[in-house]
Structure formats: structure tokens, C-alpha cells
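Thanks for making time this morning.

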Amino acid sequence: MSEALQSLLDLLDLERIEEDIYRGRSRSAVVPRVFGGQVAAQAMVAAGRTVPADRHAHSLHAYFLRSGDPGAPIVYNVDRLRDGRSFTTRRVVAVQHGKPIFTLSASFQTYEEGLDHQAPMPPAPDPATLPTGEERLRSYPHLPAETVERFLEARAAVDLRYVDDPPFGDYGTPREAHSQVWFRTNGKLADDPLLHVVLATYVSDMTLLDSVLLAHGRGGWAVGDVVGASLDHAMWFHRPFRADEWLLYDQQSPSASGGRGLGQARIHTQDGQLAVSVVQEGVVRVPREH
């Protein structure tokens, strides 16, 4: 396991401070606030620790309410909304400086047989044939060295490979509102289904709004031609998967309007299983010229 992955796992390992109350640490992201994927992942850890081990996460729905302060701890309060025969529901509120910054509802289910179908996996190149994240980032001379290093530090725990140029790599001309990324953790994980859900939740917030930027030829936060933040986030976990094995994150944007952009995505295992569906809306604003 890489040092960066172990550091991430330590970050996600919450401290229990009271019944159904947990405390997590924070750290800076590419932008000077807590990375939304970190808060969502920590909230899933808090929810999962109040659920029987035989009930696995099947969905989450979350709202980002305020920017997180990377210099302060985050307290996660868990409400046990329902414990049914098949389903368990939890609500988590993340608090900093006495105010909620994030809220999440998650549902867990015991395994059962049922109808089974899925959308086919889209075509994508083998991840082994693609440049690594570091190779691709260092190939763009227009990116300041400081920006590159911040990206590499923020993503060091994950092997994340773009199929095509990301928005910040080739911008200025609108492209199809579609982006593909292969990802896996930089090291093996324990055989804990919740852990793999948590890591996928963490990564899912990294690139989902890229497709919004592509549609308008914007480079994004790395080049400063838009400002924005995640507003809400939803995930449905359809089938078992491992976050330490290659996953294809196929993303698109059906709409942007009113200063907001919507991203939709499907995560497939390398052998073609549809594992996760994801939807996120975010603020995407073009800075005003003075």
C-alpha cells in the first residue's frame, strides 16, 4: 500500500467521541477548502459504523451546505432513522464551528435475489495503455508548477487516468460533454464492502463536473476561468466492486443553466459490470470581468 493511500485511510478513520457522534480531521484540497469527496466519504464511514455488517450501502443522497475549513475538525452526528427487516436508513449531519456544512442520507440493505439487468459498458481503452495522472499533468506546459503539484498531492492515493485530455489540459474550444476516467486506489484494500464504497464516494467528486466544463471549452478551477463548488451528490450502488481494481467512470452533462451544471455518470468494473450510478449538480460560474 502506498504511503498516500495509508494517509487517506487514516484521514477517513473517524474518532468515536460519543454514541452516534464521530470526529474527523480535514486537509486542504486543490482549492483552499475541504474537498467535498472527503466530507461525503467520512459521512459514509459514520453512517456505516451504526449499521449491521450484513447490510450493505445501496444509495446516498447529500447536500453541500457550506465550505469546509481544512484547519478545523468536522463532527458527524448520525440519526438512526429506520431499522427495518431489509433496509436501514441513516442521516448524517457534518458540523464545523457550530454550523452544518454537509448533510447526507444513506440507505443500507441485506442481500436478496431479484430481477437483474444493466446498461452495457461503453467502449473505452485499456487503462494500462493510458498515461498516468502524473504523466498527463506534467505534459501541459501552461499549468503552473504549483498547480500541478497540488493536483498530484490531492490525488496521490488514487491512480486516476483520463481517456482524453481533461478540461484544464485542452480548453478554449467546446467539446462533447462527455469524459471518461479509469481509477483505482494506489494499493490493495481490506475485504470490507463499506471501505470500497467509501473510497468510490471519495473519488466520485474529483471529476464529475468536468463534462460541464468540456461543453463550454472551459479549463476549470486549475486555470481560473470558472469558479464553482458541489451543491448536491447522489450515488446508487448496484453491484459489488472493489475500489482497488480498475473502475471506468463514464461521465456526461445533460444540462447547464442558471449558474449550475449537472453531471451524470456510471461506474463500471473492468469486466463490464455496472457497479454505481452517480449524479451531481454544482455551481459553475464564469468570473465577472471588472
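**Salt bridges and a helix contact**

Arginine 23 is partly exposed, its relative accessible area being 33%, and please keep in mind throughout that this is a predicted model. Its partner in a salt bridge is glutamate 15, with the closest N and O atoms 3.1 Å apart, and glutamate 15 is likewise partly exposed, at 41% relative accessibility.

In general, side chains of opposite charge can pair when their charged atoms come close. By the rule applied here, the count comes to 16 salt bridges, and Arg16, Glu19, Asp20 and Arg80 are linked in a network of them.

Two further pairs connect separate parts of the chain. Arginine 136 and aspartate 165 meet in a salt bridge at 3.2 Å, N to O, where arginine 136 belongs to helix H3 and aspartate 165 to the loop between strands S7 and S8, 29 residues apart. Arginine 136 counts as buried because its relative accessibility is 12%, under the 20% limit, whereas aspartate 165, at 30%, counts as partly exposed.

Aspartate 191 and arginine 242 form a salt bridge at 2.7 Å, N to O; the former lies in the loop between S8 and H5 and the latter in the loop between S9 and S10, so the pair ties together parts that are 51 residues apart in sequence.

Turning to the helices, the axes of H1 and H5 come within 12 Å and cross at roughly 100 degrees, which means that H1 is roughly perpendicular to H5. The contact is made by Leu8, Leu9 and Leu12 of H1 with Leu195, Val198, Leu199 and Tyr202 of H5, and its residues divide into seven nonpolar, no polar and no charged.

Definitions and conventions: Residues are numbered from 1 along each chain as its sequence is written. This is a predicted model: local features need pLDDT of at least 70, side-chain atom pairs count only at pLDDT 80 or more; totals for chains, interfaces and linings use all residues. Side-chain values use heavy atoms; hydrogens and water are left out. Axes are lines fitted to C-alpha atoms, for helices over the stretch in contact, and angles run from 0 to 180 degrees between N-to-C directions. Helices (H or I, at least four residues) and strands (E, at least two) are DSSP runs, numbered from the N terminus. Angles under 35 degrees count as roughly parallel, over 145 as roughly antiparallel, 65 to 115 as roughly perpendicular and the rest as oblique. Contact means heavy atoms within 4.5 Å. Ala, Val, Leu, Ile, Met, Phe, Trp, Tyr, Cys and Pro count as nonpolar, Asp, Glu, Lys and Arg as charged, and the others, Gly among them, as polar. A salt bridge is a side-chain nitrogen of Lys or Arg within 4 Å of a carboxyl oxygen of Asp or Glu. Buried means under 20% relative accessible area, exposed over 50%, partly exposed in between (1.4 Å probe, protein chains only).
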